[in-house]
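Please look through the sequence and the structure shown below before reading on.

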Amino acid sequence: MIPDGSQSTSCSQASLEAAAGQAQSRWVFRKNCALTPRQLMAWYLAICGLTLLIASGFLLAGYWVVLPFAGLELLVLGGAFLMYARHANDFEMIEVRPDALRLVFAHGAQQTEICLSPGWVRLSYDGRFKAPLMISCKGQHVKIGKFIADKDKPALLKELRQALEGATGMVRSVAM
């Protein structure tokens, strides 16, 4: 669960600039998308051109009813491609610094940023199929790992623990 903006703590620009020179660890997880939105638009325009060319041939042959169905097909395909393109750049980012654990989530046009105190962070992962990693801090629980393969989650948990221990000298971990 990603807390809404009213519950999340935003990282101040001053603390971000102060920590810029310090050592940090960062993980960015994205969807495995075959086409970028720009490539998808090029394919869509090519499909539109070819479909309208074929439908125009039928129109010239006297089969006018093909053209509206071709237009409907392109409209539905355009809607599906639009939904794909909106979420092609979704990501989750974890950044560990000595002064903050920064989590950034992008879902469509919405971006959420959460900053937690690394000294108070507790990590948990129960190892079940499709179970997310849980990051808890002072009563706030954040699920992460939507774009991570299940086989890679234990390794991420280990790396994240090490980074937090390096940043703060300690981390509380719970195995469920």
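## Helix H2

How many residues does H2 have, and how far does H2 reach from its first C-alpha to its last? In this predicted model, H2 has 24 residues and reaches 34 Å between those two atoms, close to the 34 Å expected at 1.5 Å a residue.

Leu 40, Tyr 44, Cys 48, Thr 51 and Ala 55 are the residues of H2 listed as buried, and the buried residues of this helix pack against H3. After H2 comes Gly 62, which has a positive phi near 100 degrees.

## Helix H3

Helix H3 runs over residues 66-87, and its 22 residues should span 32 Å at 1.5 Å a residue, which agrees with its end C-alpha atoms being 32 Å apart. The buried residues of H3 are Ala 70, Leu 74 and Gly 78. Because these three cover an arc of only 75 degrees around the axis, they lie on the same side of H3.

## How the two helices meet

At what angle do H2 and H3 pack? The angle is about 175 degrees, and the axes of H2 and H3 are 9 Å apart. An angle over 145 degrees counts as roughly antiparallel, so H2 is described as roughly antiparallel to H3.

The chain averages a pLDDT of 84, and 82% of the residues score at least 70. Where in the chain is confidence lowest, and where is confidence highest? Confidence is lowest in helix H1, residues 13-18, at a mean of 44, and highest in H2, at 96.

Two stretches call for care when the model is read. Over residues 1-9 the pLDDT stays under 50, and the model has 18 contacts beyond four places in sequence for this stretch. Over residues 12-21 the pLDDT also stays under 50, and here the model has eight contacts beyond four places in sequence. Where pLDDT is low, the predicted coordinates should not be read in detail.

Note on methods: Residues numbered from 1 in each chain as written. Predicted model: local features only at pLDDT ≥ 70, side-chain atom pairs only at ≥ 80, totals over all residues. Heavy atoms only, no water. Helix = DSSP H or I, 4+ residues; strand = E, 2+ residues; numbered from the N terminus. Expected span 1.5 Å × (residues − 1). Buried < 20%, exposed > 50% of the residue type's maximum accessible area, 1.4 Å probe, protein only. Arc of directions from axis to C-beta. Contact = heavy atoms within 4.5 Å. pLDDT = per-residue confidence, 0-100. Axes fitted to C-alpha atoms, helices over the stretch in contact; angles between N-to-C directions. Parallel < 35°, antiparallel > 145°, perpendicular 65-115°, else oblique.
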